[in-house]
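Below is a short note for a colleague who wants to go through this entry point by point. Please keep the coordinates open while reading.

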Amino acid sequence: MAEEVIGLRNVSVRYGDMPVLEDVSLSIYQHDFLGIIGPNGGGKTTLLKVILGLVKPDKGEVRVFGGDPLQNRRYIGYVPQYSLFDHSFPISVRDVVLTGRARQALFKRYTDHDRKLARSALEVVGMLAFKERQIGRLSGGQQQRVFIARALAAEPKVLLLDEPAAGIDARVQTEFYELLGRLRQKMAIVMVSHDITAVSVHVSKIACLNRRLYYHDSKELLAEDLEAAYQCPVELIAHGIPHRVLREH
Amino acid sequence: MITALEYGFMVNALAASLLAAIACGIVGVYVVVKRIVFISGGISHASFGGIGLGYFLGIEPVLCVIPFGIASALAIGEVSRRTRLSEDSAIGILWAMGMALGIMLIALTPGYAPDLLSYLFGNILMVSRSTLWVMLALDVIIVTVVCLLYKEFLAITFDEEFATVIGIPAHKLYLVLLCLIALTVVMLIRVVGVILVIALLTIPASVSRRFTNDMRKMMGISIIFAALFAITGLYLSYLFDLPSGSTIVLVSGVVFLLTSLIPSGHNFKY
Ligand SMILES: Nc1ncnc2c1ncn2[C@@H]1O[C@H](COP(=O)(O)OP(=O)(O)O)[C@@H](O)[C@H]1O
Ligand SMILES: [Mg+2]
């Protein structure tokens, strides 16, 4: 059995008196490429933040590399949901990626090693040519690649991506998933999305989240899980999902 | 003709303008890009309590504003995190409490009525030599901290959450940044007064943004503009016998309007 990199046991989260996650248990292993789908507001972003220690669960336990998320989250590369940053911020692509190295030596300048890692991260995502560009002057797909490079510059062992393909056109998406496929050789990847079709084609395991998590540690979804999560007949959601993913009961 | 006495005032005033420009040029860039203008307004108004305290205790008000401003900055940074109060309510409350406390303490101080207006609206012609030394020391602190923490500040102002995840003590550094704002406020109180501080924290940085997308260059350009605004305002106020603080702020505002009319290669919203 591969090493468990992230483990959640019976995790519940509520904002005020609104439950957002209920009794979520999940194990993620080395080299997994886990897709988590679910409707908007289903708690996907919250789940990632729980893993990152940014949101404290009300109940349950979170382990990251066998330890406290606050201690070990630096081994996680985080690619946040795209829309959240200030597009007019005066920062170049290179400096964005370098912030992935900013913790390495507090109070010191970036070293040549930091710059080399940032450069090769930009190369991996195919954005080296844009390194001087102000971040807001890139297309959505290009920005997404830069944020992946920023995460990679920190040399993570797991990559968490929050809706990375939103707002990227279909052709670029294919390249994008190929990139993730390559990265998966070196690390586990967890990708959150509300686009069922895209996710089910590219990932190695799939889970469905709407407050509760429906997951069988495999690339199979049960029709009843999907119906429970989306609260509608499976025919309405399932078009486009390959038959090998959706198991009839 | 400028008399010798006036000449002495003017030299001190010019020196104060330049020293204040360095602080507000650098720190103002963070205020503008991190969008903490309201927080900065809160810190500067709350600092007025420190002026009142200085009068009441018979200590030089500027020295009293430093600890008071830093305490206000830390309070604003912490209150919203520790309590269920929203951040802007916390700021609003401290803003008004500081002002009220300052006026109360001044009223309770026996003896002569201090020159309230000069602290509310600034009077750069009253800057003394010892104040200049304090301002120089504050500039040295601000420049040193920003040099040491430049990359960390960039990381937390661009994306605080990501910075936290990779292991930067983002909240602590944010508090350090608020303290730098408090120190800058102390310098600017002398130049434009508590109420107008926010103009010199935001206008030079906003203008500089039209010329570059690099934060370091923004700081340099913004220092130059802050100095130009202060010196031009000072000159005009001398020439036409106008209140110096308001003249400086109005000059800044006019230049800001003019530069926003010029089409630029960096036309993002501010
Ligand atoms: N900081 C917050 N405070 C209160 N409610 C929140 C907060 N963040 C998210 N929520 C609510 O929690 C629910 C789940 O949100 P989220 O995890 O962002 O879902 P998803 O990413 O699947 O769209 C939503 O109903 C959202 O409104
Ligand atoms: Mg989300």
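**Cysteines and the chain A sheet**

1. A search of the whole structure, which is a predicted model, finds 0 disulfides over all chains. A disulfide is a covalent bond between the sulfur atoms of two cysteines.

2. For B:C64, the closest cysteine sulfur belongs to B:C179 and lies 16 Å away, which is too far for a bond because a disulfide requires the two sulfur atoms to be within 2.5 Å. B:C64 is also buried, its relative accessible area being 9%. In chain A, the cysteine A:C208 counts as buried as well, with a relative accessibility of 0%.

3. Chain A contains an open sheet of 6 strands, arranged in the order β5-β6-β7-β3-β8-β9 and with mixed pairing. At its edges are β5 (76–79) and β9 (212–215) of chain A, each of which pairs on one side only. Neighbouring strands of this sheet are turned against each other by 20° on average, direction ignored.

4. Within that sheet, strand β3 (residues 33–37) of chain A and strand β7 (residues 188–193) of chain A run parallel and are joined by 5 bridges.

5. Helix α1 (residues 44–51) of chain A lies across β3, β5, β6 (158–162), β7 and β8 (205–210) of chain A, and runs at about 150° to β6(A). Helix α5 (residues 140–153) of chain A packs on the sheet as well, where it touches β5 and β6 of chain A, and its direction makes about 160° with that of β5(A).

Technical notes: Residues numbered from 1 in each chain as written. Chains lettered and ligands numbered in written order. Predicted model: local features only at pLDDT ≥ 70, side-chain atom pairs only at ≥ 80, totals over all residues. Heavy atoms only, no water. Pairing = 2+ DSSP bridges. Helix = DSSP H or I, 4+ residues; strand = E, 2+ residues; numbered from the N terminus. Axes fitted to C-alpha atoms, helices over the stretch in contact; angles between N-to-C directions. Contact = heavy atoms within 4.5 Å. Buried < 20%, exposed > 50% of the residue type's maximum accessible area, 1.4 Å probe, protein only.
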